[in-house]
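Subject: Structure handover

Hello,

Here is the structure for you to look over.

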Amino acid sequence: MVRLPYFTALTTLFSYGLLFAFGQMRDLFRKILDLPKSKKVQGYAPICLGLEDFYTRRLFLRAQDCFGRPIASAPDAWIDVVERYSNDNNKTLHRTSNITKCLNLGSYNYLGFAAADEYCTPRVIESLKQYSPGTCSVRVDGGTTKLHTELEELAARFVGKPAAILFGMGYVTNSAIIPALIAKGGLIISDSLNHNSIVNGARGSGATVRVFQHNTPSHLEEVLREQIAEGQPRTHRPWKKIIVIVEGIYSMEGELCKLPEIIAVCKKYKAYTYLDEAHSIGAIGKTGRGVCELLGVDPADVDIMMGTFTKSFGSCGGYIAASKEIIQYLKHTCPAHLYGTSMSPPAVQQVISAIKVILGEDGSNRGAQKLAQIRDNSNFFRAELHKMGFEVLGDEDSPVMPIMLYNPAKIPAFSRECLKQNVAVVTVAFPATPLLLARARICISASHSREDLMRGLEVLSKVGDLVGIKYFPVESENSHAEAKLKKLD
Ligand SMILES: Cc1ncc(COP(=O)(O)O)c(C=O)c1O
Ligand SMILES: *[C@@H]1O[C@H](CO)[C@@H](O)[C@H](O)[C@H]1NC(C)=O
Ligand SMILES: *[C@@H]1O[C@H](CO)[C@@H](O)[C@H](O)[C@H]1NC(C)=O
């Protein structure tokens, strides 16, 4: 839970207020000055206008250099960030041929498979030679290779479901599958902080969407009870079906889903559960099987298990794992399966190889080592950040750890100061988070050595002092010990 300090809330609101007021004023002046020109395009409605456009121009573009930095290497523990310069106050940025080697605290490369790997990379290269980068066909035509069927079986086995179906993109997996599962007359109950792909899938389905308070099973129960009593809008007929959608690890919060409690509520009211494991599959649980394994939930109790290959597996694409019946149904009805070109074969091979390493089927214990490493690294880093007085969100074991920044001016300041010290961080702000809750999102990888992490902590601490984001100074262990000693005296 966010503990936004009162004073910070005030200054943050004030900053946005100021930016808003000056932005509006400048827009007004521009409109007046542009009035003679605008006559030429009369008759057309403005195509890019509105509050979000205002936000982009007046707020986002000022910190543009902190986003979309071009990268010139694999997203390993260290990455090459391309240097850029600007001649117009960062309105337009130009690449140079120089690069800065930075400690990478931003990629979702949880298990380190995204960089060259002794088992995966040679097999991916072989598959590239055998199959080429693209299948040039949809799955039902010529786009189902041996690799695709192998991965479907392997993914199903890995997550503990009878069957699975692949998609070329994680985002599409949610946004195209949800409309295939439910339509008008159905009810979707969605966590308030679910990913945009879920939000858009739910909206596109035509089903009624209700939101429950983030990760709060008691509120989910309240919403379920209310909605079941009310039934469909106007007609009050019973809902055709109800699906509850949650995530394993919330990507902007680093929090674990309260899955056991949520499953219990869903069972009580006969609602289906849909679990998005984009950030949790591969990254948590003793053998990497995600939030079910970590929290002791039987995968049989989750009706639809969704996940992506873009994080722990270092590839691209997504999957749905469910009963044979559901997967068969999706293969016959889901437009993204029927009309979208299938996953790139080398990307499929990468996932197959990565899962085999995780399962130890490569004949080594590297998978187990990686899983132990990501857990140790995450818990170490999180504990140290806490000690330094940062406001860190999320749970133990989660490799995602947001550091709250709040103030709009602190977003670019934090990002630029870190980059100056050769640490690449990701900052996130509106619209990915609520306006007042801007943050930096640290992602830890199994490929970080303890030395890397120490270096990262040192820089974050320095920059944290400079930018003023150590909102909750913790009493140091020493002062505790001293206090105890004094009592003993
Ligand atoms: C929870 C969640 N679901 C789905 C996606 C989309 O997956 P992809 O990036 O593979 O398209 C993401 C992406 O980050 C995510 O965080
Ligand atoms: C432009 O970007 C550079 C590099 O990130 C930064 O140091 C500088 O302050 C920015 N300038 C403006 C006017 O925002
Ligand atoms: C690249 O870096 C060198 C050394 O720091 C510097 O002298 C040079 O101007 C940079 N080149 C560009 C294109 O920015």
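A polar contact here is a pair of N or O atoms within 3.5 Å; within protein, one must be able to donate a hydrogen and the other to accept it, and residues adjacent in sequence count only if both atoms are side-chain atoms. This is a predicted model: local features need pLDDT of at least 70, side-chain atom pairs count only at pLDDT 80 or more, and totals for chains, interfaces and linings use all residues. Residues are numbered from 1 along each chain as its sequence is written, chains are lettered from A and ligands numbered from 1 in the order in which they are written, and side-chain values use heavy atoms, with hydrogens and water left out.

Ligand 2

D65 places a polar side-chain atom 2.4 Å from an oxygen atom of ligand 2. For N90, a side-chain N or O atom is also 2.4 Å from a ligand 2 oxygen. On its own, ligand 2 has 360 Å² of accessible area, and the protein covers 48% of that (Shrake-Rupley method, 1.4 Å probe).

Ligand 1

Ligand 1 has 14 residues around it, and Y171, D276, H279, T310 and K311 come nearest. Y171 uses the backbone: a polar atom there is 2.7 Å from a ligand 1 oxygen. T310 has a polar side-chain atom 2.9 Å from an oxygen of ligand 1. The H279 side chain has an N or O atom 3.0 Å from a ligand 1 oxygen. Of the 380 Å² of accessible area that ligand 1 has on its own, the protein covers 88%. By class, the shell has eight polar, three nonpolar and three charged residues. Helix α5 gives the most to this shell, three residues (helices are DSSP runs of H or I, at least four residues, numbered from the N terminus).

Helix pair

α5 (residues 170–181) also pairs with α10 (residues 324–333): their axes come within 11 Å and cross at roughly 105°. Axes are lines fitted to C-alpha atoms over the stretch in contact, and angles run from 0 to 180 degrees between N-to-C directions. That makes the two helices roughly perpendicular (65 to 115 degrees). I177, A180 and L181 of α5 meet I326, Y329 and L330 of α10 (heavy atoms within 4.5 Å). The contact has six nonpolar, no polar and no charged residues.

Best wishes

Terms used. Angles under 35 degrees count as roughly parallel, over 145 as roughly antiparallel, 65 to 115 as roughly perpendicular and the rest as oblique. Ala, Val, Leu, Ile, Met, Phe, Trp, Tyr, Cys and Pro count as nonpolar, Asp, Glu, Lys and Arg as charged, and the others, Gly among them, as polar. A residue is near a molecule or strand if one of its heavy atoms lies within 4 Å of it.
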